[in-house]
Amino acid sequence: MNASALVDIGRDFSRVPAGRHVAESDFSGEAFREKILIPKLRQGGTVEVLLDNTEGYGSSFLEEAFGGLVRVGGFSYEYLKLHLIIVANSTATNRYSAKIWEYIKEAGSGKP
Amino acid sequence: MRKNKSWKASAISRRRDAKRCTRILTKKKRDLYKAWLRGELSQHAPMVLQTTLNREYPTIVPPAHLDLEANYTATIDLIRSIRHAAETLSGQFLVDFKNIQKMSPAATLLLVAECDRWRQRTPKRRLSIIDAEKWDPGVRRRLGEMGFFEVLECKPLPPREAPNSTDDRFIKFLTGSRNPGDSAKDLRAKIDDLGPKIADHHLLYDGLVEAMTNTHQHAYKQKNKRRQKKHSTLQRWWISASVNTSSNQMTVMALDHGHGIARTLPRNQNWWHYQTLLGRFINDDARRLVVAFDESSQPASSTGLAHRGKGLRENVKGYVSSHDSAAKLTVISNKGLYKYSQDSGSAPVTTSKILERELPGTFIQWVIKDYSNERIRVS
């Protein structure tokens, strides 16, 4: 397995991530997934995503970025469990971590 | 190529038809305007003729209290009247603000957004202010803080009174159609500047960006792409807030002038059948709102996709439901009103009802008490 890569969303993408598609926002979930997340995951190693250092995350952003990995990117839930690590160091951002895995699981099972 | 006789005849006929259409339209507008002056137009604020600057102008008379809770019908009638007049009277009318004695934060945002829309529709005509010194000082201050005079590009700015320590402080509205993250962050920073800092600003950010994203995704979606492009400058959201530091209460609001949540959610074919048969006698806007915000039902989205429609319940409602302190969410969309409130130690209360008048678009308001000392419920 290749070495792990760290993605700090606040530093590497935007402090104000919002929206589902690029039409809504330059810092949308779709943009994050296509520009950062998928290229890093395609390298084969583990990817650590740090959720701190942003203003917050709406459901649209998280669902499109992470649920979209399964729905659009073609990654399986099992593969992501092994290769994707969500890091949240504060109580405020910790709740996003659970949501992300919920969205990935839902996208994998095809259930809402 | 030479123009033949029949071409000329058809050109003359076309021109004659166009003139006839204009005449009919002008007559219709004139009749409408006369009916409005006579007070025969329902769902409109009263209009009188008022002489200002040696000229007689049709003048809309607003109610003394603009409030979406205490005086909803009259407030919406005023908003609709301004929009109607801006579209039919070519912007040549007055609104008599001297009559207004009291304005709630929600009504102020609605009024400012409507005037901003009016300005966008008639960019070559500047909106101007007359006799601002005769307005109620509190109303003038609130409108000034909300950015009303900047919408009107008013120079010099009318005098603004210093607020009392118990007064609500308003934050200048922000508007846009893309990149909601920046605006949500700016609004939060402005709220922090006015008093104590918001304890968990992430929740506010999440709710706000979802409300604004909803505008782009659903509110202004039109099947006719040309029409969508034509009105693209009007397809925006407006957000603002007010803070009362003495009671430690914050009110945050988001508004769009789109189709409305209730009207954009998917329905089954039977409903459209009943609607065609019964027309305006059936209205389920309030019930649609309840479904949109109810966690126990399937997520509802205008796209009909299973993975969509989470933002309203998880973030817009989630901002209120995550608190142990008193908080209230109010959503008005089309004719539907949805309220969700909770207080510390008591079960949350959900109410909904059909309103007498339709709000053109969607209005979302969060009222958070003890906002600087929020206790987040970890579920």
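**A tour of chain B**

Start by selecting helix 3 and helix 4 of chain B, whose crossing is right-handed (the near helix is turned clockwise from the far one by less than a right angle; helices are DSSP runs of H or I with at least four residues, strands runs of E with at least two, numbered from the N terminus). The model is predicted, with local features needing pLDDT of at least 70 and side-chain atom pairs pLDDT 80 or more, while totals for chains, interfaces and linings use all residues. Residues are numbered from 1 along each chain as its sequence is written, and chains are lettered from A and ligands numbered from 1 in the order in which they are written.

Now look down the pair: helix 3 packs against helix 4 (residues 137–146) at about 60 degrees, with axes 10 Å apart (lines fitted to C-alpha atoms over the stretch in contact, angles running from 0 to 180 degrees between N-to-C directions).

Select B:Thr108, B:Leu109 and B:Val112 of helix 3, which meet B:Arg142, B:Leu143 and B:Met146 of helix 4 (C-beta atoms, placed from the backbone, within 7 Å).

Next, show both chains: the contact takes 24 residues from chain B and 24 residues from chain A. On the side of chain B, the elements giving two or more residues are helix 6 (180–194), helix 7 (201–219) and helix 12 (311–316), and helix 7 of chain B gives the most, with eight residues.

Finally, select helix 2 (residues 72–88) of chain B, which has 17 residues, and find that its buried residues pack against elements of chain B including helix 3 (105–121) and strand 10 (349–369) (buried: 20 or more other C-beta atoms within 10 Å).

Technical notes: Expected span 1.5 Å × (residues − 1). Contact = placed C-beta atoms within 7 Å.
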